[in-house]
Amino acid sequence: MFNGKQILLVISGSIAAYKALELARLLRKAGATVHAVLTAGGARFVTREALAGITGQRVHDDLWAAEAEIGHIRLARLPDAVVVAPASADLLARMAHGLADDLASTVLLATRAPVLVAPAMNPAMWNHPATRANLAMLRSRGVAVVGPGVGAMAEPESGPGRLSEPEEILAAVVALLAPAGLPLAGRHAVVTSGPTHEPIDPVRYIANRSSGKQGHAIAGALAALGARVTLVSGPVVQPDPVGVTLVRVETARQMLAACEAALPADIAVMAAAVADWRVAHEAGQKLKKQPGAAAPTLEMALNPDILATVSRHAQRPRLVVGFAAETEAVVQHAVDKRARKGCDWIVANDVSGDVMGGDANAVHLVTSRGVEDWPRMPKADVAARLAQRIAEELA
Ligand code: C5P
């Protein structure tokens, strides 16, 4: 993925700096040469030795030593991208104001490479007007930002400020390095895929049949056109698509929460086979089969409709695409469904044959302009053609 790419990883002071080691490992595994720069704060949390071991490169942490070894200008010019993870409130402030008082800030001021920052700090620091203004300034200069996430912090407190997970930062680096000419560069797409599992008890569940092949292929196809993709997937055995942020979920309610957390987005493609119902009362213990006793009756509850919710969301993506798997009157059902769910397009397929789990698909694309019948083709080709159509629509 990153073959031949040079990435400069700047690590500043945060308890989350340990995640930078995993990020460095992932970047290297993806083919990049990783050069690490530690700030004085960063060096309090990860060691030069650990970083040198993982990157296989000399680690830089001192402006004057680096001057003798490589020179800060060369260090700034060498990379194809600079990733600051974790980016502390202090380093973001120094970047915003153009300070150059240590190696990291000097290199960040001297570089011409695209820069991605992954902030990590206490929620109060993140919400402070100074940090807000610094972030806005950096964004206006074209600095890309990933995260922070919301959740539990090292201190017994929670809120925005958690460093994004290494896989998520990796996906943002992929988007950062995507050639600017790609049609979906700068766009964010949320894709659902796979089934949902709705638990009956700790060992049993109900689910829809879905391999996740089509949804995963769409996520990959959108990423290949330069989009930043968040793939929210139920349990599947598909390989993870390259360059995509994967959020694994089990239930419909988790899938909805993950989709809403991923907004704002420009594009939503809801290809998951979401269970319409869940078991109303999930048993805490395995239901026991009693000799002679009648089979249990399951009371069901309605699941949220993720597609309809996203279609009517305050942060509705510009283009919302749903799927319709039908066994009869395929197009008519799809036309009705488009209106009912409030989405822009429906990709309808006849699942009466061998589509489920198979490699090929024959679909109809239902839009406000009418119905297109696409010939039967491999699911990867359906994905590529749909991604292309999406790019044209947003152009
Ligand atoms: O209503 P039906 O399940 O046939 O609609 C299919 C479309 O709606 C698909 O895009 C599917 O991902 C989406 N859907 C959803 N949430 C549900 C049910 C379906 O997002 N609870």
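The model is predicted: local features need pLDDT of at least 70 and side-chain atom pairs pLDDT 80 or more, while totals for chains, interfaces and linings use all residues. Residues are numbered from 1 along each chain as its sequence is written, and side-chain values use heavy atoms, without hydrogens and water.

Select the ligand and K337: an N or O atom in the K337 side chain is 2.4 Å from a ligand oxygen (a polar contact is a pair of N or O atoms within 3.5 Å). At I306, a backbone N or O atom is 2.9 Å from a ligand nitrogen. Alone, the ligand exposes 440 Å², of which the protein buries 86% (Shrake-Rupley, 1.4 Å probe).

**Shell.** Next select the residues around the ligand (a heavy atom within 4 Å), among them A272, D276, F323 and K341. The shell divides into 7 nonpolar, 1 polar and 4 charged residues, with Gly counted as polar. Color α12 (306-311), β16 (319-326) and α13 (330-341), the elements giving two or more residues to this shell (DSSP runs: helices H or I, at least four residues; strands E, at least two).

The ligand sits in the second largest pocket (more than half of its atoms within 2 Å of the grid points). A pocket is an open set of points on a 1 Å grid over the protein atoms alone, where a 1.4 Å probe fits, with protein on both sides within 12 Å along at least five of seven lines; lining residues have an atom within 4 Å of a point. The volume is about 800 Å³, taken as the space filled by probe spheres set on the points. Select A271, A272, A273, V274 and A325, the closest to the centre of the 37 lining residues.

How values were computed
Polar contact = N/O pair within 3.5 Å; in protein donor to acceptor, adjacent residues only side chain to side chain.
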